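Have the model open while you read.

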4 protein chains.
Amino acid sequence: MSDTIFAALDRLAIELPSWGFANTGTRFGKFIQPSAAATIEEKLCDAAEVHRLMGCCPTVAVHTAWDFPKGLDSAGEIARRAESKGVRIGSVNPTLFQDQEYKYGSLGNPDPEVRKRALDHILESLKIARATGSKELVLWFADGSNYPGTANIRHRKAWFEEALQTVGGMLSADETMLVEYKPFEPAFYHTDIADWGMALHFARKAGSQARVLVDTGHHYHTQNIEQIVAWLMSEGMLGGFHFNDRRYADDDLTVGSIDPYQLFRIFYEIFLFGWEQGAPPEISYMVDQSHNLKNKIEAVIQTVSTVQEVVAKAALVDYEALARHQDRCDLIDAEECLRKAFRTDVTNTIFQWRESRNLPADPLAAFRESGYTARATAERGSRNRAGAASYVES
Amino acid sequence: MSDTIFAALDRLAIELPSWGFANTGTRFGKFIQPSAAATIEEKLCDAAEVHRLMGCCPTVAVHTAWDFPKGLDSAGEIARRAESKGVRIGSVNPTLFQDQEYKYGSLGNPDPEVRKRALDHILESLKIARATGSKELVLWFADGSNYPGTANIRHRKAWFEEALQTVGGMLSADETMLVEYKPFEPAFYHTDIADWGMALHFARKAGSQARVLVDTGHHYHTQNIEQIVAWLMSEGMLGGFHFNDRRYADDDLTVGSIDPYQLFRIFYEIFLFGWEQGAPPEISYMVDQSHNLKNKIEAVIQTVSTVQEVVAKAALVDYEALARHQDRCDLIDAEECLRKAFRTDVTNTIFQWRESRNLPADPLAAFRESGYTARATAERGSRNRAGAASYVES
Amino acid sequence: MSDTIFAALDRLAIELPSWGFANTGTRFGKFIQPSAAATIEEKLCDAAEVHRLMGCCPTVAVHTAWDFPKGLDSAGEIARRAESKGVRIGSVNPTLFQDQEYKYGSLGNPDPEVRKRALDHILESLKIARATGSKELVLWFADGSNYPGTANIRHRKAWFEEALQTVGGMLSADETMLVEYKPFEPAFYHTDIADWGMALHFARKAGSQARVLVDTGHHYHTQNIEQIVAWLMSEGMLGGFHFNDRRYADDDLTVGSIDPYQLFRIFYEIFLFGWEQGAPPEISYMVDQSHNLKNKIEAVIQTVSTVQEVVAKAALVDYEALARHQDRCDLIDAEECLRKAFRTDVTNTIFQWRESRNLPADPLAAFRESGYTARATAERGSRNRAGAASYVES
Amino acid sequence: MSDTIFAALDRLAIELPSWGFANTGTRFGKFIQPSAAATIEEKLCDAAEVHRLMGCCPTVAVHTAWDFPKGLDSAGEIARRAESKGVRIGSVNPTLFQDQEYKYGSLGNPDPEVRKRALDHILESLKIARATGSKELVLWFADGSNYPGTANIRHRKAWFEEALQTVGGMLSADETMLVEYKPFEPAFYHTDIADWGMALHFARKAGSQARVLVDTGHHYHTQNIEQIVAWLMSEGMLGGFHFNDRRYADDDLTVGSIDPYQLFRIFYEIFLFGWEQGAPPEISYMVDQSHNLKNKIEAVIQTVSTVQEVVAKAALVDYEALARHQDRCDLIDAEECLRKAFRTDVTNTIFQWRESRNLPADPLAAFRESGYTARATAERGSRNRAGAASYVES
């Protein structure tokens, strides 16, 4: 058991989002944490602290507009700052939703100038990625419409195809672009890339370097996410994940906090695929959460620990026996293969793995003992005053 | 206004399902109607009666196991019976779920003998279709699994690909197979063809004669069905519809009875596409409902009337103005183009169209006056005793 | 027909929310409109403009923290300003979610000091209501928790009971407090007042002056809202509505824009109740929408027009015939009573009603001709620069 | 740890449904198991076999029409047969949905004669309960409507109130009636007792002996079931559970098979309540599942094992520490109290408990070794031929 789990944990890398360390909230307001990060420097510090404790988070996802306010000019310097702290720049996320120009969409906007602006921003983000050593572009579009009849769905589809083809055509063989889907919010009536089928369509149009990104919170209620994962793997089109959990909408809660068995089933499909292929598939595991109430770094530690736990359990499934039971339609026996692995308490084995890799067995406790939050509060607190945005602008 | 509506109604044909005239129910039991049809002869009679009244229902969808108990042998005779009543055999639906062999699936069954049996049944259905003059095979699969880990999702996908490719390869240029999707029921954990993206994948694998069928009740809550319709049309892959409505699950209620504006938006997308292309797309409009409580023929008349009404309204949209508003992002003006058409009361225009085509203006009243139900009750009632299946078998 | 509709429209009053005229958005940002209102003065102006055009919006709902930054001191003056513009202050909404103190709840907060603060704010809001002549307190609580186990649901219930009892005890016989429910957002795991059953419980605890408020966007998918409305009326506990529409979450879209038939069914239940009782029930009809993309005043005019249209149709139902059909379980005939009324185009009758009341027949056109938006842009535009809050705080 | 778990398991009794051993299915058909039970005799045998193995299933829920075809006459004899096998008759469930008379409802039917018939059946069921020694009546109503406008929701509510008051008035102090709720199926547009708030209303109307029953599959998607459980306990109105799991609709899958953490959270709320009160609440734990594909007895063993596992985990939560963390809003620490307990592998402790109670440690293995299924197949198989009901009646 230990060997299997150790091997699985050794292979596991989880990318942290820079924005997961910043003050975020809901449309009803933000609850400000005095120790939260505001600058890219601070976000990299926080991410590096998590990597120091967990050992499996070597890269940091960045958002172009939030983290590179000076654009390409600052990219090299930021990459060096990251490396000096012990992390690297991971996926680069163009910021295609908050500017006033994007009111009616970015690549799906009926106005060709706005479409061009959005495309330019993506291409600028690609340059930033290259300047930072990143090989991955993650594309999430907030495009859509709020009311029936206000947008031509097929025209917008064509505009997306055209632009994504352009982006895909710029990528070299070691670069990837991931296309994300989301069925709602902030567009309420229709979203231009609403589900995995639409994302797959665009990824295929974009050429050989494009894949689909699965954000676990971007689904309809009751949708079987692990089936989508299995399908995308079987097509060679699963690029990566944005992990989080939710109850109702895209709540961006800590992964596994609402439905840990679902997360386990996702990894079970991945491990089963790897077992059949003889090698684990190459997938980018990224976190995308909004820690509105929990201490942000503690929430990230909890997140990474949860993924490790679930990965360890998925590694424990007896795939040989499972395949036999599935083949014979021995339903209960097949199901119990999963349940047995999920039931296993892997806490101590993970602790042992951490110690064997010179990491603190209990990273949350270690973080709390480190005094990091108190120091961050002292340094950043005066800026992080309450005074955050309200539901209404005034 | 009249011209536009008359033209739209002249073009509209709606296929009725033979099983819509039979006693159906829920897992909790069936409420038996004495006038319900049991044999294919009776179902054809009922469908022909609707066509006599409505003038737009020339074909009847059939289910292989229910309507051709003698298989191919009876096919020619049944087609002749249909024609003698004034209708024709429409889409042929292989019956791939009720036999005990299909407990763990049909084309997705791990047992190759069951898969072969299912494939044979589909090919037999194709022969039946040809013997009846039908050009359309409609494939709905109940395949899936009830519990995590009990089925290998990717293996089943491969088995489906293989078999559907075989079927597709048998079709000639004037024949079509439609692949239906459904996210749940009767399989509860995973469905092998769960959404439009999966159906599209299989249809493409099946070659040039395959298309996707959209059953309006087979979606996740809040899914934007008209967007799926628009996407499938833009890919040339929308083959047809199974119309019905629902609130929670696949309730198979009268189309438009719960959300008439949604149905209107579906037809708006179809008319918009036709307006842009210069010609309406070729789509099979079929009804798939379960009239558990309403008189079955009356429910079908209500259904066809509702589709006519919604089609008439969709025809009334000012597409010229709409396109302009969409282009300029004049949201309220664009939306009001739809709302204005939907708001229009087209009842009298439809009455006029019917009269001009020598049809009763009020087909429901005409049916009630005809005495048909009383005659059917007299003929069929003694067989249709209560005594239907219970939730538990005993 | 005209008489029935005229009478229904004469009785109809719709309260507009002050915040519906301000710049609002989603957690991903706000799209700023240069003509949007920021101060209570400007919001009252905008509401008065709508009332001038529509004639049925005499009151304006206010939010304590947003509209009374000086608290009670400014209340009388604001009420006078409203009256000078031709409107009155309607329901007063305490603001119990945006302050940093409310991070873990307001009345449900484990900290008794925060609970007291929240209660004091409600009581201050009651004083403001009295100072403005308002008779109605509308209580929406964002209270809840984001993660399992982090909150004691029953303790919080008890704290709510206690505080609401205090508020209820302060009300005189002509004052009302309405308790709103919402199953999600901004709390993601549990909401303290999640559904109508919980709101009803608290309203009953709060005594004779408390009722339940139904926000049409605050429900689970597929929940039958009109049934809740019927139940609350039958218990004498329906106090009012917050109207809006949605597809996925609490999207706060224009009422009736996604599912107009649902809105019609709500009013059908209200009219049926009134028909049985011999008099329409006393219900506060309020709008609660977030016009993120549409011009705000135009969206409100569209909203009020939609409610008028649906009310006119609900008034047209033949309740006498309907009751007879329901009694005999003539399902299709009963259903057609509703469908016939819904199908009727009441546009011209509403135009006639408006003209007979010296109102513009087409208020949207009249508003556009008035030049109001251009004036507001000139006056307010320089303040309403882009620069709105971002997803991340920096 | 062992002591806590042993005590919790000693207290746990789980009632099995007679219909869980019979052939059931979906509206698309039933997959027949040759060893399935058909008569009450066989069902009692199967239930007794499970009790022999698990030791915690002393009672069997019965359905009046299915299990007492001779009504009251056979009741005493059936109770004696049960006792001779080592079990007792548990809750009695009137059968109020399958007879043709109930097409438009039972207690909610507009026809007073049907309402009387339904009431009589409930009172007959009460007599049967008394004749069998049962103290519990479980009332599930399929009542509702399929189409808007076809039923008067408030009149039906009044009829339910009246009848349930009559039933409640007949109960003595040691008898209970439980009112179940369900938002959909088999009624599709509205269900007369759609949610916990409606069930609570009727239970209160029915007097001191009535409580609410929570069927875990009878909720809207994303509804927080454990909150409803907590609320009902705080009102002293939680009577019992029907356990099962589901993904989309009321799938009646094995409890905990889709979302085991949700089941854990339900028991956490129950244990927390018991910890605060100093004694566990009196709640009837009943299973209500439809084992369409799994071997029925094996599925029941799996079900009971799952409940034991989850109960053992809920018993392990450190409620002292949890309460402290909740009080201080230490979110992560509070949450980790739950997660730690859920993570604990209690398999071996449960095995030890079983052995200490002279039960097989692995009841599923013991059952398989027993040869029971082979014997049942031999005895019952010839009757359980395929030939089950089809979707369409013919």
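Start where chains B and C touch: 17 residues of chain B are in contact with 17 residues of chain C, contact meaning that the C-beta atoms, placed from the backbone, lie within 7 Å. Keep in mind that this is a predicted model, where local features need pLDDT of at least 70, side-chain atom pairs count only at pLDDT 80 or more, and totals for chains, interfaces and linings use all residues. Residues are numbered from 1 along each chain as its sequence is written, while chains are lettered from A and ligands numbered from 1 in the order in which they are written.

**Chain B against chain C**

- On the chain B side, helix 9 (260-277), helix 10 (296-316) and helix 12 (331-343) each supply at least two residues; helices here are DSSP runs of H or I with at least four residues, strands are E runs of at least two, and both are numbered from the N terminus.
- Helix 12 of chain B gives the most to that side, with three residues.
- Sorted by class, the side of chain B that touches chain C has six nonpolar, five polar and six charged residues (Ala, Val, Leu, Ile, Met, Phe, Trp, Tyr, Cys and Pro count as nonpolar, Asp, Glu, Lys and Arg as charged, and the others, Gly among them, as polar).
- Chain B goes onto chain C by a rotation of 180° with 0.0 Å of shift along the axis, at an RMSD of 0.0 Å; the superposition is by least squares on C-alpha atoms of residues with pLDDT of at least 70 in both copies.
- Both copies use the same surface, as 100% of the contact residues of chain B recur in chain C.
- Of the chain B residues, D345(B) comes closest to that rotation axis, with its C-alpha at 2.7 Å.

**Chain A against chain C**

- Here 45 residues of chain A are in contact with 46 residues of chain C.
- Strand 2 (25-26) and strand 3 (29-30) of chain A are the elements that give two or more residues to the chain A side.
- That side of chain A has 24 nonpolar, 13 polar and eight charged residues.
- A rotation of 180° with 0.0 Å of shift along its axis puts chain A on chain C, RMSD 0.0 Å, and that's the relation of a two-fold axis.
- R27(A) is the chain A residue that comes closest to the axis, at 2.1 Å (C-alpha).
- Since 100% of the interface residues of chain A are also interface residues in chain C, the copies meet through the same surface.

**Helix packing in chain A**

- The axes of helix 2 (residues 40-54) and helix 4 (residues 75-85) of chain A come within 9 Å and cross at roughly 30° (axes are lines fitted to C-alpha atoms, for helices over the stretch in contact, and angles run from 0 to 180 degrees between N-to-C directions).
- That makes helix 2 of chain A roughly parallel to helix 4 of chain A (under 35 degrees is roughly parallel, over 145 roughly antiparallel, 65 to 115 roughly perpendicular, and the rest oblique).
- Among the residues making this contact are L44(A) and A48(A) of helix 2 and I78(A) and A82(A) of helix 4.

**A buried helix in chain D**

- Nine of the 10 residues of helix 8 (residues 225-234) of chain D are buried, so this helix is largely enclosed by the rest of the structure (buried means 20 or more other C-beta atoms within 10 Å of a residue's own, exposed 12 or fewer, partly exposed in between, with C-beta atoms placed from the backbone).
- W231(D) is one of the buried residues.
- After helix 8 of chain D comes G236(D), with a positive phi near 65°.

Terms used: Contact = placed C-beta atoms within 7 Å.
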